[in-house]
Amino acid sequence: MEALSSSFTYPPWSINVSSSIRIHVKKKITANINNLPKHTTPLTFESNPTRQVIITTQHDQIKKNNYFKNKSLLAIIFNAFDRFISTFLDPSPLRPFLDPEHVLSGHYAPVEELPPTACEVVGGGGPLPRCLDGAYIRNGPNPRLIPKGPYHLYDGDGMLHVLRISHGKPTTFCSRHVYTHKHAVEGEAGYPFVPSPFASCNGGVAASMARLLLILARIVAGKFDPLNQGFGTANTSVALFRSIGVFALCESDLPYKVKVTEEGDITTLGRHYFHESNKPFLNMTAHPKIDRETGEAFAYRYNVSPPYLSFFRIDSEGRKQKDVPICSMKKCTMIHDFGVTKNFAIFPDSQIVVNPFWVLGGRSPVGIDSGKVQRIGFIPRYATDDCEMWWIDSPGLNVLHCVNAWEEDGGATIVVVATNASKVEKIFESFHSSELRMEKITINVKAKTVERNLLSTTFLELGAVNPAYAAKKNRFEGFNRDG
């Protein structure tokens, strides 16, 4: 979950920032459940009629009332089977981290889309610098439709929140979903059916197998096309590629290109292939590393079949270059982030793994291999094959995010600042209880040794560094702090 992933963009560069300001929207858009604006309608969870979450507009409610008139017979049948699985095959009660009533509460309750609306900044100290002229964009999961069965915090549809700023003064605030293939087909069906690697197969063998068969039936019926159009949520991060544009990303799909309009609105332009038309690829990391000096972006993707890891770069014109398969990866690791220095790309091989066969046992394909020895891999960033790849064992190091990485001593030393989940077995149950701590990891390139130093004893995550210092030694970084 990276609801704090954000960028401040203005031509011709981008600055990632961590903000403590509060936004006051002049038009009231949300409220206490007893004082709802007229354009919202509350939804009551059947299992707890006292809890209500604002998720639908009046237009959505009209569509719901005409459900059987607007949906095809096939969609109605599929949705009925989905409800049967949730009602009779899923365990009851659901575990808290998979229970939508629990997960989608408090600060994580879904919000509506909001068109550009006049706003002002209140609190947070002094005025914003006048040099800020552009848009502050924040991405995070925000489900369009409330699921009936298991739901994980990472599953929500991507929503971009845009604060338009002119000469240091906020002008408008806007919230829009990223219009992915998932968003489109679920909207047409009126039901959240696209599978999630974290939640869909966590309900036991019967529920997992039934959901997989139902997904296959939707694909055969032409109601869902994940192979050609993806199934990602675009809910993880925002990236600005020089001369190409702004993208919303998640690691299970390709990026979606978006655009901020002059009025402060944000629109989805579509799924982006980076000119890879002959052999389209299916997904890439949500955390590409962009070299501001060359305009290149370095990225990768992990796969459930060999090669389990592929490294590549996107040139300054936005064209994807040839894959470099990392054959020394013998199993699929969920590598969520990586580091890039002047000469190297750095890959953490943690205990967070992907095993599709676990689905047959009624569990998520993403889990923890507690017997695996963690390691860090290094490859020249312009490598054409993996013959120069080298690894160092680093027991106890389960990196989730790499905030920055750089070289010292003429390239003899590599430094990585990253978050380590000391209780990685808790990472999917409770983000905070996994005890994410910031570490400085120092690698002696010649001796192939690792030295680790704890930078903070408190929860620090979702770090960001000024992109001007990416791959360079930096002094300041911004983080999300628990509590």
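What share of the 483 residues in the protein chain is buried?

1. Buried residues (under 20% relative accessible area with a 1.4 Å probe, protein chains only) make up 51% of the 483 residues. The model is predicted: local features need pLDDT of at least 70, side-chain atom pairs count only at pLDDT 80 or more, and totals for chains, interfaces and linings use all residues. Residues are numbered from 1 along each chain as its sequence is written, and side-chain values use heavy atoms, with hydrogens and water left out.

2. The chain holds 7 helices and 29 strands, taken as DSSP runs (H or I, at least four residues, for helices; E, at least two, for strands) and numbered from the N terminus. Of the contacts (heavy atoms within 4.5 Å) with a separation of 6 or more, 59% are between residues 24 or more positions apart.

3. One open, antiparallel sheet has 4 strands in the order β24-β25-β26-β27; two strands pair if DSSP finds at least two bridges between them. β24 (399-408) and β27 (449-454) are the edge strands with a single partner strand each, so one side of each has no neighbour in the sheet. Direction ignored, neighbouring strands of this sheet are turned by 25° against each other on average.

4. Strand β26 (residues 436-444) runs antiparallel to β27 and is joined to it by 6 bridges. Glu 439 has Leu 454 of β27 as its bridge partner.

5. In helix α5 (residues 181-189), the buried residues are His 181, Lys 182, His 183, Val 185, Glu 186 and Ala 189. Gly 190 follows α5 and has a positive phi, near 70°.

Definitions and conventions
Buried means under 20% relative accessible area, exposed over 50%, partly exposed in between (1.4 Å probe, protein chains only). Axes are lines fitted to C-alpha atoms, for helices over the stretch in contact, and angles run from 0 to 180 degrees between N-to-C directions.
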